[in-house]
Amino acid sequence: MVVRTASPVSRRLFMKQTAALSAAFAAWKASPAFAEGVVLNILNSNTVWAGALTDGIAKEYTAAQITGEANPYESHYEKMLIELSQGSATFDLITTDNLWIVQPMANGWAASTDDIRAANPDLPEFQLANLAPASLTYQQYNGKRYGLPTAMTTPILIYRKDLLEAAGLSVPKTWDEYREAAAKLHTPEVAGNVLLMGGQDAHMSGDWGSRLMGMTRIEPHNDGVLDENRNVVFNSEGQGARAIERLREVLPYCPAGVEGFDYPEGSSIMQQGGAAMLITWSDVLVGVEDGPHKGKFGYTVAPTEKYEQQMVGGWSILINNASAQKEDAYRFLAWLTEGRGYEIMREAGESSLVLQRDIDNPEVVAVSPTLQAFADFKTRGTSPISIPPYREVNAVEVQRVIYEEVLAGVNGRKEPAQAMADAEARVKEVLAG
Amino acid sequence: MAGASVARAAQGATRAQRAGERWAPWILLAPTLVIMNVVGVYPLLHSLWVSFTGYKPSDPNAHQGWVGLKNYAEAMTDGQFWHAVLLTGAFTFASVALSLVLAVLMAILFNRPLPGFVLMRSVILIPMLITPIAVGLIWRIMMMPELGVLNYLLGFVGLGPFQWGSSRTTALVSVILVDVWQWTPFMFIIIFAGLKSLPRSPFESAQIDGASAWQTFWQVTVPMLRPVIIIAVLLRMIDALRTYDTIYIITRGGPDFATDVISIYLQRVNFRFFDLGYGSALSWITMILILIVVLIFVNLTGFLRTVNEKEAR
C-alpha cells in the first residue's frame, strides 16, 4: 500500500530556501574574486610556450583568468585571419608567427600597447630590458609597439659530432665548407645533409632563406626579401639565384625522399642517424636527442657566405583591437615582461627563449642545446636580422610565390636566374594587388 | 432550407479540401525548401556574386568591390590552375578506371557461393568506412621511404624501395592507389548489388546456347549491368574530382606540385591567401568544368535515355 505524505518542502520552507539561495548568489557576485572576474581568452598555438600560457602562467597570474584555444600551425593562421578580419572579440589576445605579424598590425586588427598606455598612464610600463632585443623588433610597426615576443628562434646547423670527427672535419662555418663536409660524409647509409623541400616554410626559411642571408649585405630595414620601400631585393645582386645554386650543390648528398621532407621528417631522419647535417629552425627540432644517437649532436649558427648575419624569427602575442578588455590584456603583458611568465615557459620545456637572463645562463643552455646558436652569434660576430620577411599584409602569398620559384630552380625545371627573375615579377604582381 | 445549408457546407468543405490539397505539398515541403535555400542556394549565389568582386579579407585596404570579369579573365591565364585541372583529370580517370575494373572483378568473384565469402565481402568494405583523414595518415606512414612498412614488405619480394609520395615521379600514382584502395569497395557494393538483382533466365539461355564464360560476361552480364555501372562510375567520378583530404594529408599537393589537384589549389587560394573573389571565380569555373564532364559522360553513355526508358516501362 502506498501511503501518501505531505511534501517535505512546505511553501514556507521553499520561500526560505529561495531567499537563502538568492542571498548566497548575491554575495557570490559581490565577492572580490568575481568582481574582478576578468577572463582573457587567447587564440593560442599548440607549442610548449603556448601550453604554458594557459597552464603554469594561468595558475601564477591572479589578476585575470587566462583561457585559450590551442591551434595546430596549419589552421592557426586561418583562424586568426577569420576572427580578426571579421572584428570578432572572442579572443582578447592573439598569438602569431612573426611571419604573419604585419597583417594584424597594418590592418588595425591589433591594438597598439603604446596607445593603450597613453590612454591610461596608470598602467605599468613594459620592462622590455628583460627581453632579448632581437625578439622585440617584430612587434614594432610604424614606430609603435603592438605586443611582446613569446618565442625566439633562428636557423641552426645541427650536426653529428662523431661523424665530423671521424672524417677529420671541423664544424662548417661557410657554405663551401658545408658542401665539402656534405660530400665527404655522404654514404649509402648516412646522407651528407638534409634539405626540407616538401615543406613550404621549412624550405623557404631553413634552406633558401638561411643561405640567402649570407649572400649580400642586409641593410637595417632591408629584410633580404623586400626593402623598406617595398622593393623586391632578394635577387638584386643575383644572391637569390646563388642561394638556389648552393641548394643544388648539396642536393646529391641528401637522403632518398627528400622532395617530400618537411620539419618532422628532418628531425626524424637526424634522430634515426640517417643524415649527418641539417639546417632548420631551432624551435622545430623535436625528439632528436631522444633517439639512439643521443649526445652525439652539436648545434651552432648556420653557415654563412660573405657576411655574418642571420635571420631571427619566432612568435609574438598581440592584443585584439576588438577586445573589450584591452587594459586587462595590457596588464597581463606587462606582468609577462617582469620575467616570471617567461621562466614558466622555460620550466615547461620551451627552448626558444626570449628572456635574456635565461639565454645568457650556461645552465639553461646546457639543458636547451639549440640555444648554443645564439651564444655563437657573439663569438662569430653574427648580426641578427629580425624584420619579418615578406613584410606585407599578404606575406603568406608572397612566400608561396617565392617558394614555387625556388623549388622550380632547385628541381631543375628552371635555371636559378630564370626562377628568380620569375619570382621577382610575380612578387611585384602580388604586391601590386 | 436545411438541405441548402447542408449543400453549402458540403461545397465549403470541398473548397477547403481543394485548397488543402493545393497547399499541403508546399506546406510539407516548406521546411526543406527553406533549409535548402539558406544552406545551399544562398551561399551558391553569394559565391557567384563574390566571384565578380575583389573581396579579400586578408587585405582590407585592397579594392573589395565589383571587378566584373577580371577574376575569370585572370583564371584563364593562371598556369597553376590549369595544371591543377589537368592533374585532377588524370587522377580522376586513373582512379575511376582502376576502381571500376577491380570492382567488377570482385563483384563477379564474390557472386559465387564459396566458403568464407560472406565474411570477406564485409571485410573489404572497411576501407570506405574509414574517415579520409585517417586513411591519409595511415598511408602516409606506411609509404615513408625509409621507415614505412610498404617498402619493408616489398623488399621481401625484391621490389623497391620506392619513394611513394616523396618523389615527383611516384607521388600521383601513390595517391591514386590510396584512392583506389579506399573507394573500390564503394563501386563494388553497387555493382555487386546490381549483379545480384539480374534475372537468371538470360544466363540460363546463354548456357543452353553454349556461350562461353567470356561471351556470357561481355554479351549478357555487362549489357544488363550497364545502368548500374554508369551510376557507380558517375558517383565515383564526381567524388574523385573533388578529392581533397587524403591528398592533403599524404602530399599536401607536392612534391613540387605533382599532386596539386584542383581542390588543393582552391583551398590555398581561398583559405591561405584569403583571395575570396578570385577563389570564388576559380570555384565556379571548376564547377562548370565538372558539369561539362558529367554531361559529356551522361550523353556518351546514354544514361538519361536508359532512365527514361525505365520510367516509361
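1. A residue counts as buried when its relative accessible area is under 20%, as exposed when that area is over 50%, and as partly exposed in between. By that criterion, 41% of the 313 residues of chain B count as buried. The model under review is a predicted one, and the values below should be read with that in mind.

2. As to overall architecture, the secondary structure of chain B consists of 14 helices and 0 strands, so that reading along the sequence gives the pattern α-α-α-α-α-α-α-α-α-α-α-α-α-α. The radius of gyration of this chain is 27 Å, well over the 20 Å that the globule rule gives for 313 residues, and chain B is therefore more spread out than a compact globule. Taken along the principal axes, the C-alpha atoms of chain B fill a box of roughly 100 × 80 × 35 Å.

3. Chain A has 20 helices and 13 strands, and its C-alpha trace spans about 95 × 55 × 50 Å along the principal axes. Buried residues make up 56% of the 433 residues in chain A. Of the contacts in chain A with a separation of 6 or more, 76% are accounted for by residues 24 or more positions apart; in chain B, among contacts between residues at least 6 apart in sequence, 67% join residues at least 24 apart.

4. Chain A carries 37 positive and 54 negative side chains, the centres of the two sets lying 6 Å apart. For chain B, with 21 positive and 15 negative charges, the mean positions are 10 Å apart.

5. In soluble globular proteins, nonpolar side chains tend to be buried together. The largest nonpolar core here holds 144 residues, of which Trp208(A), Phe234(A), Phe332(A) and Ile402(A) touch the most other members. Helix α19 of chain A, residues 395-410, supplies the largest share of this core, namely 9 residues. A second, separate core of 50 residues includes Phe91(B), Leu125(B), Met237(B) and Ile247(B).

6. Which residues does Trp208(A) touch, not counting those up to four places away in sequence? They are His203(A), Phe234(A), Gly240(A), Ala243(A), Ile244(A), Leu247(A), Ile402(A), Val406(A) and Met420(A).

7. Leu196(A) sits in the loop between α10 (175-185) and α11 (200-212) of chain A, and with a relative accessible area of 1% Leu196(A) is buried. Leaving aside neighbours within four places in sequence, the contacts of Leu196(A) are Ala202(A), His203(A), Asp207(A), Phe261(A), Asp262(A), Tyr263(A), Gly266(A), Leu278(A) and Thr280(A). Between the C-alpha atoms of Leu196(A) and Gln325(A), which are 129 residues apart along the chain, the separation is 42 Å.

8. Most residues other than glycine have a negative phi, and most peptide bonds are trans.

9. Phe274(B) belongs to the loop between α12 and α13 (276-301) of chain B. Is Phe274(B) buried or exposed? At 3% relative accessibility, Phe274(B) counts as buried.

10. Val67(B) is placed in the loop between α1 (2-50) and α2 (70-76) of chain B and is partly exposed, with a relative accessible area of 22%. Not counting residues up to four places away in sequence, Val67(B) touches Phe52(B), Thr53(B) and Gly54(B). Val67(B) and Gly277(B), although 210 residues apart in sequence, are 9.1 Å apart in space from C-alpha to C-alpha.

Key:
Residues numbered from 1 in each chain as written. Chains lettered and ligands numbered in written order. Predicted model: local features only at pLDDT ≥ 70, side-chain atom pairs only at ≥ 80, totals over all residues. Heavy atoms only, no water. Helix = DSSP H or I, 4+ residues; strand = E, 2+ residues; numbered from the N terminus. Rg over C-alpha atoms; globule rule 2.2 N^0.38 Å. Buried < 20%, exposed > 50% of the residue type's maximum accessible area, 1.4 Å probe, protein only. Contact = heavy atoms within 4.5 Å. Lys, Arg positive; Asp, Glu negative; His and termini not counted. Charge placed at Lys NZ, Arg CZ, Asp CG, Glu CD. Core = buried A, V, L, I, M, F, W, Y, C linked by side-chain atoms within 4.5 Å.
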